[in-house]
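Please consult the sequence and the model while reading.

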Amino acid sequence: MDIIRYAITRPVAVISAVLLVVLFGLVALNRIPIQLAPDVSRPVITVQTNWTGASPVDIEREIVNRQEEALSGLDNLKSMVSTSSQGRGSIELEFAVSADMNKALL
């Protein structure tokens, strides 16, 4: 109960103490090294196929669907997104962070 009375009777001292704690926290935050935080990058492989003059429907039917079937069995595959445009097909494969990307590339 004494702390509450002190805080009510001396608000300037309480505000000063809070500002000092926040200031020391900001200084410490800037000086703490970030070496303990891991560098986590999203493991993604993009497969692009060009077929000059082909329509998006032809690209999807003849190339992208077949590639999706072949690539869907890869280990640690999280998601597969494909796009087809005029003369180009693209498949983006996202893997789990623990995936061996050298093995996935092969």
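Predicted model: local features only at pLDDT ≥ 70, side-chain atom pairs only at ≥ 80, totals over all residues.

Residues are numbered from 1 along each chain as its sequence is written, and side-chain values use heavy atoms, with hydrogens and water left out. The structure holds seven salt bridges, a salt bridge being a side-chain nitrogen of Lys or Arg within 4 Å of a carboxyl oxygen of Asp or Glu.

**Salt bridges between distant parts of the chain**

- Glu94 and Arg42 form a salt bridge whose closest N and O atoms are 3.9 Å apart.
- This pair links distant parts of the chain, 52 residues apart: Glu94 belongs to strand E3 (residues 88–95), and Arg42 to the loop between helix H2 (11–31) and strand E1 (44–50). Helices (H or I, at least four residues) and strands (E, at least two) are DSSP runs numbered from the N terminus.
- Glu94 is buried at 18% relative accessibility, whereas Arg42 is exposed at 52%. Buried means under 20% relative accessible area, exposed over 50%, and partly exposed in between (1.4 Å probe, protein chains only).
- Asp75 and Lys103 also meet in a salt bridge, at 3.6 Å from N to O. Asp75 lies in the loop between H3 and strand E2 (77–85) and Lys103 in helix H4 (residues 101–105), so that the pair, 28 residues apart, links distant parts of the chain.
- Asp75 is exposed at 52% relative accessibility, and Lys103 is exposed at 56%.

**A salt bridge within one helix**

- Asp58 and Arg61 form a salt bridge of 2.6 Å, N to O.
- Because they are three residues apart in helix H3 (residues 56–71), about one helical turn separates Asp58 and Arg61.
- Asp58 is partly exposed at 25% relative accessible area, and Arg61 is partly exposed at 46%.

**Contact of H1 with H2**

- The axes of helix H1 (residues 2–9) and H2 come within 5 Å and cross at roughly 100 degrees. H1 is therefore roughly perpendicular to H2.
- Axes are lines fitted to C-alpha atoms, for helices over the stretch in contact, with angles from 0 to 180 degrees between N-to-C directions. Angles of 65 to 115 degrees count as roughly perpendicular.
- Tyr6, Ala7, Ile8 and Thr9 in H1 meet Pro11, Ala13 and Val14 in H2, contact meaning heavy atoms within 4.5 Å.

Notes. Parallel < 35°, antiparallel > 145°, perpendicular 65-115°, else oblique.
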